[in-house]
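Student: I would like a close look at one part of this model, taken slowly and with the geometry spelled out. Please keep the answer connected.

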Amino acid sequence: MILIGNGKVFTRDDEKPYIENGAVLIDGNVIKEIGKTEDLKAKYPQAEYKDAKGRLVMPGFVNTHMHYYSTFARGMFLGGKPATMFGEVLRNLWWRLDRTLNLEDVKYSALLPMIEQVKCGVTTVIDHHASPNALEGSLMKIAEAAKITGIRSNLCYEVSDRDGEEIANAGIKENIDFIKYCDAEDNDMLRGLFGLHASLTISDKTLDKCLEAVSGVNKGFHVHCAEGIEDVVDSLEKYNQRVIERWYSRGVLSDKSLAVHCINVTAEELDMLKASNVAVIHNPESNMGNAVGVTPVLDMFNKGIPVGLGTDGYTPDMMESYKVMNIISKHEKRLPSVGWTEAPQMVFNNNPMIANRFMKNGKVGVLKEGYYADLIIVDYKAPTPLNESNINGHLLFGISGRNIDTTIINGKIIMDERILIGIDEEAITAKSVELAQKVWNRI
């Protein structure tokens, strides 16, 4: 057992939200007890003691939409005419990159951002992968990286028609094989969803195959929805339906699925999202970077649609997305009073709730007896009074990923006082740079 004591413990448990000089007792991979440090030290003298030194003790962060395969684009210069539409970004950058990856690239493009996320206090990630010319076994390569870094993961492969029917069929098989593997292992450290790219690259013929395949494993879909206006135009031209309307009518949307972005949507489509109980994932930094618009998050909240927050490969730091979500809401509405409640609701409540939809044996996101022991210690010296009523404001303005000192996942200390345990970051980084250069040369 490990006893994390002498901390300012923010549990995210409404019944016991804050404990001054608090402690968390970890037994195996779960939290056994929460209480005052002196009480738990006396009660469990045999437990290994870790002194939080008065720092914040909190649940680890959850990232509900990530793209590990995008890592090797960092710092890459392709030249050519600058993009003016999102479709050009896809064709000129991302589809050129993912076609170039081999299986070793897949693994190392996941390892570094996983390490970065651990260092930023992210303990659970839902990733969406693509590598059409290194497809078979690609999800297992990411799973290998997750095992090395210790990060809790939910993975899928994005099925798409853009590389032909044979590769689309292979993508379907990759999803199903991985989902069955995860179900057989029955370990909440690794789960699988069925990935779809987007409506504009998925024909009805391929969608029929996906729906048939997923019916046999009772899983949902992880899909980009109406991210760029091109997706909507394509759907109207081909199917006489908007994107959400198409997905809703075909049964893609459910409480087992993730609808990512949902920027170009109508009021009627918001009603469909609400009726399906699908989780929408907002990615504010990516949306701004691709100039595709702003997800109508506030309208979604008003309708009771569950909305989570992701990074879309743009950053490993959930606190960055937290800050940008707050700011972009105000900017888009030209109203300074919005965003204050929605942003923390997404990060600290909805993201864990969404992740827990896909778990079978436990839960994350709360420091509470019986929950998985996924927690972080945050080095933050508050310049003003700090308590359960104002913690979200302190986090918004006071911390980033670099404030995380210790990251514990599934009861295992992965980073201790900013030192990674059992992970050779230098060797992984050197190999990543070597492979990235080869990818650049091939592109």
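How are helix 3 and helix 15 oriented to each other, and why?

Tutor: This is a predicted model, and the description that follows should be read with that in mind. Two packed helices are described by the angle between their axes together with the distance between those axes. Here helix 3, covering residues 103-119, and helix 15, covering residues 425-442, have axes that come within 9 Å and cross at roughly 135 degrees. Angles over 145 degrees count as roughly antiparallel and those from 65 to 115 as roughly perpendicular, with 35 as the limit under which helices are roughly parallel and the rest being oblique; helix 3 and helix 15 are therefore oblique to each other. As for handedness, the crossing of helix 3 and helix 15 is left-handed.

On the side of helix 3, the contact is formed by Glu104, Asp105, Tyr108, Leu111, Leu112, Ile115 and Lys119, while helix 15 contributes Glu425, Ile428, Thr429, Lys431, Ser432, Leu435, Val439 and Arg442.

Turning to the backbone elsewhere, aspartate 186, which is not a glycine, has a positive phi of about 50 degrees; aspartate 186 lies in the loop between helix 5 (165-185) and strand 10 (190-192), and its relative accessibility of 36% is why aspartate 186 counts as partly exposed. Asparagine 410, also a residue other than glycine, has a positive phi near 55 degrees, and asparagine 410 is found in the loop that runs between strand 17 (404-409) and strand 18 (412-416).

Key:
Residues are numbered from 1 along each chain as its sequence is written. This is a predicted model: local features need pLDDT of at least 70, side-chain atom pairs count only at pLDDT 80 or more; totals for chains, interfaces and linings use all residues. Side-chain values use heavy atoms; hydrogens and water are left out. Axes are lines fitted to C-alpha atoms, for helices over the stretch in contact, and angles run from 0 to 180 degrees between N-to-C directions. Helices (H or I, at least four residues) and strands (E, at least two) are DSSP runs, numbered from the N terminus. A crossing is left-handed if the near helix is turned anticlockwise from the far one by less than a right angle, and right-handed if clockwise. Contact means heavy atoms within 4.5 Å. Buried means under 20% relative accessible area, exposed over 50%, partly exposed in between (1.4 Å probe, protein chains only).
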